[in-house]
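Morning, everyone. Please have a look at it first.

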Amino acid sequence: MGRQEIMSCFKNGISVALPAYKEAENLKVMLPKLKRVLADVPHEIIVIDTQRSMDDTKNICMQCGDIKYIHRKGGERYGDAVRTAFSKASFVYTVIMDADGSHNPNDILRMLSEIERSGCDLVIGSRYCKGGNSHNGILLKGMSWVLNCTYRVVFGLKVKDVSDSFRMYRTEEVKHLKLDCEDFDIVEEILIRLNEVVKNFKMVEIPIYFSKRQGGESKRELGRFVISYLKTMKRLYQVKKKCKRKNIK
């Protein structure tokens, strides 16, 4: 689907949200790219900075123009940024993507085409469906594969990539979603909760390449990553059981 076809069939627009934690240098590159890609599509770009500015992110946003710059609410964690993004999104679809250049802005138009074509509730940028891949080495890919398989089996999620944050949601479905996770495990929590609360919830994956971050340091700490996901799995499994009991009643 070309740009003109997308423009003609899509009138409500996309909210593209980028959680940013000391990502000013990467945003210098990412924001102009995003604006070029979305030029023919109704949209808003939201940068969710830390509660107190830690770098030049605000000035970068002002220089780019037409960027909504906001501070995350509730705390400084990734989960706080995602909850803030959902609360501030004002268009029909919401895209969450990394601010470090790992996600390709051009894939947003592919997501848009897919959600319009299929009528699904969610499009996932997938590293693990046919055609997808990432820059990560064997160890990280192996850990990610185990994590994804475990979550798929335990929670009955019928997708191959449950842990990549690059997705297009229907805003009305996530706007008031109750989300508790603080770190990157909120990505899985969103899928689990949507799968429980949205009737006939439908997810579609499109292949993407997850690139190496352009600059700066990763915010994912391996030790905390493993511990948080184990704790989250236990907690969300209890949530899933409670939801099932409510549905039976």
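This is a predicted model: local features need pLDDT of at least 70, side-chain atom pairs count only at pLDDT 80 or more; totals for chains, interfaces and linings use all residues.

Residues are numbered from 1 along each chain as its sequence is written, and side-chain values use heavy atoms, with hydrogens and water left out. Helices (H or I, at least four residues) and strands (E, at least two) are DSSP runs, numbered from the N terminus.

Back to H3. Which residues of H3 are buried? Thr57, Ile60, Cys61 and Cys64 are; buried means under 20% relative accessible area, exposed over 50%, and partly exposed in between, with a 1.4 Å probe and protein chains only. These residues span an arc of only 100° around the axis, so they sit on the same side of H3. The arc is that of the directions from the helix axis to the C-beta atoms. Turn to the face away from that buried side, and you find the exposed residues Met62 and Gln63.

What covers the buried residues of H3? The cover includes H2, strand E2 (43–49) and strand E3 (67–71).

Take H2 next. The axes of H2 (residues 24–37) and H3 (residues 57–64) come within 9 Å and cross at roughly 25°. Axes are lines fitted to C-alpha atoms, for helices over the stretch in contact, and angles run from 0 to 180 degrees between N-to-C directions. H2 and H3 are therefore roughly parallel: that label takes angles under 35 degrees, while over 145 is roughly antiparallel, 65 to 115 roughly perpendicular, and the rest oblique. On the H2 side, the contact (heavy atoms within 4.5 Å) is made by residues including Leu27, Leu31 and Lys35.

Now zoom in on Leu31, in helix H2. Buried or exposed? Leu31 is buried, with a relative accessible area of 0%. Leaving aside neighbours within four places in sequence, Leu31 touches Ile45, Val47, Ile60, Cys61, Cys64 and Ile67.

One more pair. H4 (residues 78–88) packs with H8 (residues 186–197) at about 45°, axes 10 Å apart. That makes H4 oblique to H8. Tyr78, Gly79, Val82, Arg83 and Phe86 in H4 meet Ile186, Val187 and Ile190 in H8.
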